[in-house]
Amino acid sequence: MPDDPTDAPDLPAGDFSAWLTGMRAAIRGDAASDVPCGTCTACCTSSQFVHVGPDEIDTLAHIPRAVLFPAPGLPAGHVLMGYDERGHCPMLIDDACSIYDHRPRTCRTYDCRVFAAAGVELDDADKQGIALRARRWRFRYASPTDHLQHDAVRAAARSLRDDLEHRPSDRASISATQLAVRAVDVAHTTGPGSDER
Ligand code: SF4
């Protein structure tokens with residue numbers, strides 16, 4: 001069971017502008033996310049399917065074939081790793097990733113601060129561990145640019161959500177994670193992490 005959010009202290013998420021720059025690099029595939037996870041394994045224990053691409057040769061060599069299956073809707077070679085009856089990734093052993101140095105790209109780029117950045121809540125009952133963690137992040141605003149950029153990301157998320165309200169079929173197929181990541185990607189910002197790229 002996830003921790004009681006009322007007892008959990010805030011978590012420093014870093015300067016918003018610096019985070020935005022790093023997150024956008026991760027979205028483009030230029031860098032891995034640098035998330036201060038500590039001992040948190042919420043994203044490894046939340047009934048998530050982990051995508052592994054055919055180019056991830058090293059990762060595929062460290063995952064038993066038995067826990068991989070073809071990814072629906074993607075070309076041959078793309079696979080998903082499932083989870084056990086508790087919702088845990090099969091590579092999580094003794095509360096630690098047993099293939100950490102070889103973990104999938106999906107895991108390297110996952111950053112639950114994206115929910116705090118976009119103001120998006122995770123509603124799924126099996127992802128409440130991530131939701132509780134995400135609510136604890138607190139960004140720092142060292143300059144007015146940090147505030148402006150955070151406002152822009154939240155505005156982009158609201159706009160995307162409003163747009164989806166008019167397209168119920170699309171609404172059902174887009175996850176909270178996809179919405180938050182998209183808001184970070186498309187927000188019109190200036191300064192560090194700007195969309196002038
Ligand atoms: S591969 Fe490792 S980091 Fe990725 S979900 Fe599994 S245990 Fe977590």
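**View 1. Strands E1 and E7 pair side by side.** Strand E1 (residues 11-15) and strand E7 pair in the parallel sense over 4 bridges; two strands count as paired if DSSP finds at least two bridges between them. Gly14 has Phe139 of E7 as its bridge partner. Helices (H or I, at least four residues) and strands (E, at least two) are DSSP runs, numbered from the N terminus. The model is predicted: local features need pLDDT of at least 70, side-chain atom pairs count only at pLDDT 80 or more, and totals for chains, interfaces and linings use all residues. Residues are numbered from 1 along each chain as its sequence is written, and side-chain values use heavy atoms, with hydrogens and water left out.

**View 2. The side chains of strand E7 alternate.** In E7 (residues 137-140), Trp137 and Phe139 point to one face and are buried, where buried means under 20% relative accessible area, exposed over 50% and partly exposed in between (1.4 Å probe, protein chains only).

**View 3. Helix H5 packs against E1, H4 and E7.** The buried residues of H5 (residues 128-136) are Ile130, Ala131, Leu132, Arg133, Ala134 and Arg136. These residues pack against strand E1, helix H4 (113-118) and strand E7, with contact meaning heavy atoms within 4.5 Å.

**View 4. Arg108 sits in helix H3.** Helix H3 covers residues 105-109. Arg108 is partly exposed, with a relative accessible area of 26%. Leaving aside neighbours within four places in sequence, Arg108 is in contact with Ala32, Ser33, Tyr100, Asp101, His102 and Arg103. Asp34 is 74 residues away from Arg108 along the chain, and their C-alpha atoms are separated by 8.2 Å.

**View 5. The protein is assigned two domains, domain 1 and domain 2.** Domain 1 is made of 9-32 + 114-122 + 136-188, and domain 2 of 36-110; such bounds come from an automatic or database domain assignment. The C-alpha centres of the two domains lie 23 Å apart. Their contact takes 8 residues from domain 1 and 4 residues from domain 2.

**View 6. The largest cavity holds about 40 Å³ of space.** A cavity is a set of points, on a 1 Å grid over the protein atoms alone, where a 1.4 Å probe fits but cannot get out; lining residues have an atom within 4 Å of a point. The count is 1 cavity of 30 Å³ or more. The lining consists of Cys43, Cys44, Thr45, Ser46, Ser47, Gln48, Val50, Gly87 and Cys89.

Definitions and conventions. On a 1 Å grid over the protein atoms alone, a cavity is a set of points where a 1.4 Å probe fits but cannot get out, and a pocket is an open set with protein on both sides within 12 Å along at least five of seven lines; lining residues have an atom within 4 Å of a point. Grid points are joined across faces, edges and corners, and a volume is the space filled by probe spheres set on the points.
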